[in-house]
Amino acid sequence: MSDGTYSNETRLGAVPDILKGIEHFDLTQSDVLVIGGDTLFLHDFDIKAFLDYYHQQDGPTCLVARYTVPDKDVSKMGIMEINKDGIMIGFLEKPSFSHSRFGCPCFYLFPKEALHYLDLFVNLAHSSKESYDATGKFLAYLYPQFKIATFPISGRVDVGGLDSYKEANDLLKKETKTK
């Protein structure tokens, strides 16, 4: 599906693209899994366990993946704060400082009851595309209004550039040799 843009300058942004996809494929009455295309999960990631955990939640609840990130990577990604039950209670997109070390890759399962918040967020009077280009900024908007549970994973590789692509390639080669 094309969002109708042809350049980085005219792109809609990540969150509007998610909304456009939901509307285009008529998914407004469905639960929706959003996966960032630049994420490679480690070998022990279990999608079935993630989905089972989602279905065990009490009432409509979003579910996002989380993992512990090294101090040096905190400023490179969305960092969330969670309570003792694993419920999101704070979110910062690429903070310069945070006590939390829970990274949140773009791997979200939204119940249909939460989808209208995407539309509300996108249609707020934002001053710049940066306000809604990072998907984590939507989570920061959403968590005070809608329950977001977290699912622990061991880690992931962000394949966002040549260096991380090489890291992912080396990791896959190593995992292939151990099988």
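The legends below describe close-up views of one predicted model. In this predicted model, local features need pLDDT of at least 70 and side-chain atom pairs count only at pLDDT 80 or more, while totals for chains, interfaces and linings use all residues. Residues are numbered from 1 along each chain as its sequence is written, and side-chain values use heavy atoms, with hydrogens and water left out.

**View 1. Helix α3 packs against helix α5.**
Helix α3 covers residues 115-123 and helix α5 covers residues 135-142. Helices here are DSSP runs of H or I with at least four residues, strands are runs of E with at least two, and both are numbered from the N terminus. The two helices pack at an angle of about 110 degrees, with their axes 10 Å apart. That makes α3 roughly perpendicular to α5. On the α3 side the contact is made by Y117, L118, L120 and F121, and on the α5 side by K137, F138, Y141 and L142. These residues divide into seven nonpolar, no polar and one charged. Axes are lines fitted to C-alpha atoms, for helices over the stretch in contact, and angles run from 0 to 180 degrees between N-to-C directions. Angles under 35 degrees count as roughly parallel, over 145 as roughly antiparallel, 65 to 115 as roughly perpendicular and the rest as oblique. Contact means heavy atoms within 4.5 Å. Ala, Val, Leu, Ile, Met, Phe, Trp, Tyr, Cys and Pro count as nonpolar, Asp, Glu, Lys and Arg as charged, and the others, Gly among them, as polar.

**View 2. Helix α5 is mostly covered.**
Six of the eight residues of α5 are buried: T135, G136, F138, L139, Y141 and L142. Buried means under 20% relative accessible area, exposed over 50%, and partly exposed in between (1.4 Å probe, protein chains only).

**View 3. Aromatic pairs include F50 with F151 and F121 with F138.**
A search of the whole structure finds twelve aromatic pairs. The ring centres of F50 and F151 are 5.4 Å apart and the planes are at 85 degrees, so this pair is edge-to-face. F50 is in helix α2 (residues 47-55) and F151 is in strand β8 (residues 148-152), 101 residues apart. F50 and F151 are both buried. For F121 and F138 the centres are 5.6 Å apart and the planes are at 65 degrees, so this pair is also edge-to-face. F121 belongs to helix α3 and F138 to helix α5, 17 residues apart. Both F121 and F138 are buried. Ring pairs also link F41, F45, F50, Y53, F107 and F151 into a cluster. Rings of Phe, Tyr and Trp (its six-membered ring) pair if their centres lie within 6.5 Å; planes under 30 degrees apart count as stacked, over 60 as edge-to-face and the rest as tilted.

**View 4. Strand β1 has a covered face and an uncovered one.**
In β1 (residues 32-35), V32 and V34 form the covered face, and L33 and I35 the uncovered one. In a regular strand the side chains alternate between the two faces of the sheet. β1 pairs with strand β7 (residues 107-110) in the antiparallel sense over four bridges. The bridge partner of I35 in β7 is F107. Two strands pair if DSSP finds at least two bridges between them.

**View 5. Strand β8 runs parallel to β3.**
Five bridges join β3 to β8, and I148 of β8 is the bridge partner of C62. Four of the five residues of β8 are buried, so β8 is largely enclosed by the rest of the structure.

**View 6. Q57, D26 and K94 lie in loops.**
Q57 sits in the loop between α2 and β3 (62-68). Q57 is buried, with a relative accessible area of 17%. Apart from its neighbours within four places in sequence, Q57 is in contact with K147 and A149. D26 lies in the loop between α1 (14-24) and β1, and counts as exposed at 61% relative accessibility. D26 has a positive phi of about 55 degrees although it is not a glycine. K94, in the loop between β5 (88-93) and β6 (102-103), has a positive phi of about 50 degrees and is not a glycine either.

**View 7. L172 and K174 lie in helix α6.**
Helix α6 covers residues 162-178. L172 is partly exposed at 41% relative accessibility, and K174 is exposed at 56%. L172 and L42 are 130 residues apart in sequence and 9.0 Å apart in space, C-alpha to C-alpha. K174 and F138 are 36 residues apart in sequence and 35 Å apart in space, C-alpha to C-alpha.
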